[in-house]
Structure formats: C-alpha cells, structure tokens
Amino acid sequence: MSPEEQATAAFRAQFGDDPTVLVQAPGRVNLIGEHTDYNDGFVLPMAIDRRTAIAARPRSDTTVMAYSQGYPEIQFDLATLERGQGWGEYLKGVAWAMGIDGLPGWEGVITSTIPIGASLSSSAALELATALLFTTLGGLSWNPVEAARLSQRAEMDWVGMNSGIMDQLISACGQAGHAILIDCRDLTQTPTPLPDGLSVVVLDTGTRRRLTESSYNQRREECAEAARAFGVGSLRDLTIADLSTPPAAMPPTALKRARHIVEENERTLAAATAMREGDTAMLGRLMNESHVSLRDLYEVSSPALDAMVEAAQAFAGCRGARMTGAGFGGCAVAVVDTTDVEAFIKDVGARYREATDHEPAVYVCEAAPGASVIVG
C-alpha cells in the first residue's frame with residue numbers, strides 16, 4: 001500500500017470520512033556533493049520513491065490537529081504559534097515561515113515510507129508536504145523553489161537545524177528518471193538522466209544520529225572560518241590552486257574542511273558529466289573518492305558507514321559507493337548494474353552483518369517527481 005493509500009485509510013478510520021486534500025513530498029538520496037550546499041556549491045541529488053503523504057480536511061477555526069502512526073497527536077493554533085518539542089515543530093515552523101494569515105486550520109493524518117534519521121530527508125519531505133497542504137487549503141499559487149526556501153527557513157530558524165537548501169529543493173523539484181545538478185548559489189537546476197542499466201541502491205546501516213546534536217553545526221563553522229581566512233564569501237569561491245598556499249594562521253582542521261568542499265565541487269560537476277555521457281565507471285570512481293574525502297578530510301563518516309561502503313565496493317557489479325547525507329550514521333548509496341542488484345543485496349548484507357553485527361536495510365530507489373497534490 002502506498003503512503004497516499006495508507007494516509008487515506010488512516011484518515012477514514014480517524015474521522016469517518018474521505019479527506020478533501022491529499023498531498024505528497026518525496027525523500028531524497030544525494031548521489032554526490034556532500035556538505036557543499038551550505039557552502040554555495042554543487043550537489044547531485046535525486047528525489048526517491050519513498051515519500052510522506054498528508055490526508056487532510058480544513059477546519060472552521062485556526063487549529064491544526066495531526067496524527068501520525070507511532071507518534072503522539074499534535075495540536076496547535078495558527079493564531080498563537082509557540083515553540084515546543086517533538087515532530088510537530090516542523091509543521092509549526094512551516095506555518096511560521098509562510099507567514100500564514102487567515103488560512104483555516106486543518107485536521108489530518110501523516111504517513112511516510114522514509115526511514116527516520118537515515119539521511120534520506122524525512123524532515124524536508126514533511127516540510128514540503130506541509131507547505132503544499134497549506135498552499136492548497138489557502139488557494140495560493142505553488143512555487144516549488146519558494147516553498148523550498150521557506151521550508152529551509154523553518155528548519156533553520158524554528159527547528160534550530162542549520163540546514164542547507166538541497167534537501168528541501170530536491171523534494172520540491174524532483175523529476176522522474178533524473179537526478180538534478182543544483183547550483184546552491186543561484187539554485188540553477190540541471191536535470192541529469194540516470195544512465196541506462198544502472199540502479200541506485202540505498203544501504204541503511206541501521207545506525208542513527210540526532211543531527212541537531214551532532215557535529216554538523218561545527219562543520220559549518222569550520223567552513224565559515226576557512227572562508228574568512230581566505231578572504232572569500234564562501235568556499236565555493238576557492239580553487240584547488242588556492243589551497244596550495246593557505247593563509248599562515250589558518251587552522252589545519254579548517255584547511256581539511258576546505259579541501260573537501262573544493263574538491264567535492266569538482267567531483268560533483270564531473271559526475272554530472274559522466275552521467276550524461278553514460279560513463280558509469282567514472283561516476284563510480286568519483287563516488288568512491290567522495291567517500292574517502294568525507295571520511296578523512298571532513299570526518300563525518302562512522303565505522304558502520306565505512307563497513308557498508310567497503311562491503312558494497314567489494315562487489316564486482318557495484319560501480320561505486322559512498323556515505324550519503326550529513327553522516328555520523330544513516331545510509332550509504334551505491335550505483336549498481338541493474339542485472340546484479342539481487343545478488344548485490346545478498347552479498348553486501350552478508351558482508352556488512354559479518355563486519356558489524358548490525359542488521360542492514362536495503363532500498364532500491366527510483367528517481368521520483370517532487371511534491372504534488374493527489375487530491376484537492
């Protein structure tokens with residue numbers, strides 16, 4: 001059963017009627033270009049066929065009442081938004097960022113097939129689905145890029161996570177069959193087709209991190225420190241040649257972070273070219289190099305992620321693999337010859353279990369369209 005069908009069935013069970021609005025927004029996997037988005041750099045994500053759905057109907061007042069299986073019910077008043085705790089803060093944050101005035105409240109059910117905390121952007125999908133629901137209920141025009149900006153603001157300034165723009169933008173603007181090369185400085189998007197005969201496989205290590213409690217914000221500050229030391233607005237403005245003559249007082253750690261960002265931008269552009277040309281060997285090589293950089297220079301991998309990537313890379317039909325997302329736990333991503341996917345899943349699972357004693361989960365993902373209204 002799809003998340004839309006699940007949400008509709010749960011709505012009927014909860015409210016005894018059909019929803020008047022049904023929306024969805026996908027999660028994402030980033031093929032390459034990690035931690036570059038908040039440095040005005042390049043990323044190459046794709047929206048995936050794991051998504052969040054909201055089935056709802058408007059209320060006659062300004063109350064929002066939402067249910068999600070396995071989580072406490074949330075309820076708040078749009079007219080008197082106050083910060084609190086829990087998953088409802090994402091909904092409140094979107095309402096706050098949109099500056100909603102005069103919209104009706106709503107009651108509904110939220111379902112999702114995106115694993116929580118797996119670096120597949122469950123929070124961005126929830127934000128975009130919420131933004132689309134408010135937009136539909138309010139009879140407003142849907143602008144995907146603006147919705148992504150507002151959702152990013154919600155996560156940064158309400159939830160308290162210094163998110164880059166990638167997650168929200170790809171959830172809003174994904175295209176079936178394509179990854180999207182995004183320039184995070186001007187938000188230019190270049191749809192990039194997935195090569196024929198190649199499958200994208202997400203490998204969940206079964207380990208999790210609380211991103212707001214991780215070293216993510218520290219990495220952002222280290223990048224800002226490096227940019228200040230070089231006298232540039234962001235690390236996007238540096239070249240590899242610049243790194244050969246760093247400022248004398250620059251901390252070694254900040255230089256390592258800068259090297260990852262500068263080289264990762266080059267890898268991401270090269271990967272997009274390789275995809276367009278069907279050069280799967282080059283794409284895989286760049287992904288492998290990206291993981292080494294994230295592990296050694298940016299230091300956001302983990303023993304479980306390293307074990308998963310090594311298990312994937314050991315399989316002959318795997319063109320390349322790397323950790324994906326912010327790191328410190330969660331998922332890796334691999335590109336695998338489609339004819340070998342079934343054998344790959346069995347082989348990698350066995351290798352990973354033997355190396356870690358963790359139980360992996362595997363998701364073969366299709367490139368999916370962005371947020372959309374199903375009913376309403």
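Three strands make up an open, antiparallel sheet in the order S2-S7-S8. Strands and helices here are DSSP runs, numbered from the N terminus: helices are H or I with at least four residues, strands are E with at least two. Two strands count as paired if DSSP finds at least two bridges between them. Strand S2 (42–43) and strand S8 (188–193) each have a single partner strand and stand at the edges, so one side of each lacks a neighbour in the sheet. Strand S7 (residues 178–183) and S8 run antiparallel and are joined by six bridges. In this pair, Asp183 stands opposite Thr188 in S8. Helix H8 (residues 252–276) packs on the sheet and touches S2, S7 and S8. The direction of H8 makes about 45° with that of S8. Contact means heavy atoms within 4.5 Å. Axes are lines fitted to C-alpha atoms, for helices over the stretch in contact, and angles run from 0 to 180 degrees between N-to-C directions.

The model is predicted: local features need pLDDT of at least 70, side-chain atom pairs count only at pLDDT 80 or more, and totals for chains, interfaces and linings use all residues. Residues are numbered from 1 along each chain as its sequence is written, and side-chain values use heavy atoms, leaving out hydrogens and water.

**The six-stranded sheet**

A second open sheet has six strands, ordered S5-S4-S6-S3-S1-S13, with mixed pairing. Its edges are strand S5 (74–77) and strand S13 (372–375); each has a single partner strand, so one side of each is left without a neighbour in the sheet. Neighbouring strands of this sheet are turned by 25° against each other on average, direction ignored. Strand S3 (residues 45–58) and strand S6 (residues 106–112) run antiparallel, joined by seven bridges. Arg57 stands opposite Glu107 in S6.

Two helices lie across strands of this sheet. Helix H1 (residues 3–15) lies across strand S1 (21–30), S3, strand S4 (63–68), S6 and S13. H1 runs at about 140° to S6. Helix H5 (residues 166–173) lies across S1 and S3, at about 125° to S1.

**Helix pairs**

Two packed helices are described by the angle between their axes and the distance between the axes. The table gives both values for two pairs.

| Pair | Angle | Axis distance |
|---|---|---|
| H2 (residues 88–98) and H3 (residues 122–137) | about 50° | 9 Å |
| H10 (residues 303–313) and H11 (residues 341–356) | about 140° | 9 Å |

H2 is oblique to H3, and H10 and H11 are oblique to each other. Angles under 35 degrees count as roughly parallel, over 145 as roughly antiparallel, 65 to 115 as roughly perpendicular, and the rest as oblique. H2 passes H3 in a right-handed crossing. H10 also passes H11 in a right-handed crossing. A crossing is right-handed if the near helix is turned clockwise from the far one by less than a right angle, left-handed if anticlockwise.

On the H2 side, Tyr90, Leu91, Val94, Ala95 and Met98 meet residues of H3, including Leu126, Glu127 and Phe134. By class, this contact has eight nonpolar, three polar and one charged residues. Ala, Val, Leu, Ile, Met, Phe, Trp, Tyr, Cys and Pro count as nonpolar, Asp, Glu, Lys and Arg as charged, and the others, Gly among them, as polar.

From H10, Ala304, Ala307, Met308, Ala311 and Ala312 meet H11 residues, among them Phe344, Arg351 and Tyr352. The contact of H10 with H11 has nine nonpolar, one polar and one charged residues.

**Two residues of H6**

Glu222 lies in helix H6, which spans residues 216–230 and also holds Ala229. Glu222 is buried, at 9% relative accessibility. Ala229 is partly exposed, at 32%. Buried means under 20% relative accessible area, exposed over 50%, and partly exposed in between (1.4 Å probe, protein chains only). Leaving aside neighbours within four places in sequence, Glu222 is in contact with Thr253, Ala254 and Arg257. Not counting residues up to four places away, Ala229 touches Pro247 and Met250. Ala229 and Thr36 are 193 residues apart in sequence and 18 Å apart in space, C-alpha to C-alpha.

**Positive phi**

Most residues other than glycine have a negative phi. Ser121 is not a glycine, yet its phi is positive, about 65°. Ser121 is found in the loop between S6 and H3. Ser121 is buried, with a relative accessible area of 8%. Glu299 also has a positive phi, near 55°. Glu299 is found in the loop between helix H9 (280–296) and H10. Glu299 counts as partly exposed, at 35% relative accessibility.
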